[in-house]
Amino acid sequence: MIVLETDWSLMTPEISLAALALLVFTIDFMTGIHGKKPFIGRLAVLSLLVTAVLVLLLNPGGGSIADLFLVDPFARLFKLIILIGVAMVIMISMYYLDRNPEVYQGEYYSIMMFAALGAMLMVSSADLITLFIGLEILSISSYVLAGFKKHHRHSTEAALKYVILGGTASAFILYGMSFLYGLTGSTSLVEIGQAMPVLFQQYTALVGMSFLFMLVGFGFKISIVPFHMWAPDVYQGSPTPVTAFLTVVSKLAAFAIVIRIFTLAFGFEGIHGEWSFILAVMAAITMITGNFIALTQNNVKRLMAYSGIAQAGYLLVPFAVVLGDFSTTVIVFYSVAYLMMTLGAFAVITLVTEDSGMTDISSFAGLYYRSPYMAIAMTVFLVSLGGLPLTAGFIGKVNIFILAAAGDMLWLAIIMILTSVVSFYYYFGFIKQMFMTDPRPNDKELVVPGGLLTVVTVSLAVVLLLGIAPNLLLDIFNQYNWMPSFN
């Protein structure tokens, strides 16, 4: 009777995306495995945008399926971030795959869509089982995508490292979940959260072990220090659009589910005081490590990997400080800014590195003389990542700083400022190459394809708009009751 009475319309976007991903895969199968298929890429982008519209329009009041699957403002916003992010990654990929015909295009697009499906299931999960299913759909898809250039040693090496370490991280997560199930006899995060005050008093050590094991596993997924060592090698070896996907979409989806678990299951005030300081220390170490190691990098993808590690530290700060609607608003706003400025940067990186045939930072030499618009856009994305005024990144970091200072963690806010200053050095290394270095003798004017141009233009517009008028989003976000557990 529960199954018959369930409102399955809550899963309409997920069901639709699954059907459309299978359709893309079927069309690819029917048209042969070889050859260029730009129409499949366009169909994949259209499918993702249609799914985003369904998320936006259906079930505005939210709801739940037997406390297994939640549709609330938090899930809806992160689903939109995921869908728009994957659509932008596919638009970047269309140019990349056009220049790398050995990659099977239809399989690539359908697997990317299934990765988005797994991420959507994750952010709506309120049960350990559905959460893990979504996590593994995303993870397995990511392992395959990382090794898609199977005839290239670096790509297969990246996939092998990713699947071994990713499997180990999943084992840690499952082991931590087993403690919660053993203590409560339930896999529901809601029921676990209700029992947590008593459990924490009676079984403090077991609850602490559960938290630590899950923190290790999810720490790998969001690449925070000291669980970050896989990221540079995997990012360097993966196809460049896949690196963009892992840097942004996969990281933000994993971060969303960490917030969901730790607020629903571990949100009890008594235990929050225990783990908030641990997260604050990890955030500080992550910001310091990511930014300082990035200073030594010459490979663009490794540099962006360490930059992404540092950004994970910034995103961890509001979560470590306090739980509530305002801290979630700060996290979601910075997530939107991070999505746009990073994917915009990766669109330019894909264009430049594929044209030059190398991924060294010197490939950006003289970009301003070859494509002024791309050079200016890249500059905006970089200064936004660094946190200079009039950009979305600046507003996001100011909000995080205010939250940390108000939450009696001024030391963490100071570390955040100092590490942001450090990041200017390696971001300005790009700018120096683009504007102050002459192009190589054989370099020609860059022709920017429509897909990359669209991604760069949309990203640039959002980064500048949110930098100048952030209240366009903040006023909307401040009206939301993000999660029932905050009340």
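Some ground rules. Residues are numbered from 1 along each chain as its sequence is written, and side-chain values use heavy atoms, with hydrogens and water left out. As the model is predicted, local features need pLDDT of at least 70, side-chain atom pairs count only at pLDDT 80 or more, and totals for chains, interfaces and linings use all residues.

Start with helix α13, residues 300-321. Helices here are DSSP runs of H or I, at least four residues, numbered from the N terminus. Buried means under 20% relative accessible area, with a 1.4 Å probe and protein chains only. N299 caps the N-terminal end: a side-chain oxygen sits 3.0 Å from the backbone nitrogen of K301.

Now the cores. A nonpolar core is a set of buried Ala, Val, Leu, Ile, Met, Phe, Trp, Tyr and Cys residues joined through side-chain atoms within 4.5 Å. The largest has 171 residues, and I261, F266 and F364 have the most contacts inside it. Helix α14, residues 325-356, gives the largest share, 19 residues. F364 touches (heavy atoms within 4.5 Å) residues including V300, V348 and F430, not counting residues up to four places away in sequence.

Last, the largest pocket. It is lined by 18 residues (an atom within 4 Å of a pocket grid point). Nearest its centre lie Y96, K149, Q236, K301 and T359. Helices α7, α10 and α14 each give two or more lining residues.

Notes:
Expected span 1.5 Å × (residues − 1). Polar contact = N/O pair within 3.5 Å; in protein donor to acceptor, adjacent residues only side chain to side chain. Buried < 20%, exposed > 50% of the residue type's maximum accessible area, 1.4 Å probe, protein only. 1 Å grid on protein atoms, 1.4 Å probe; cavity = no way out; pocket = protein on both sides within 12 Å on 5 of 7 lines; lining within 4 Å.
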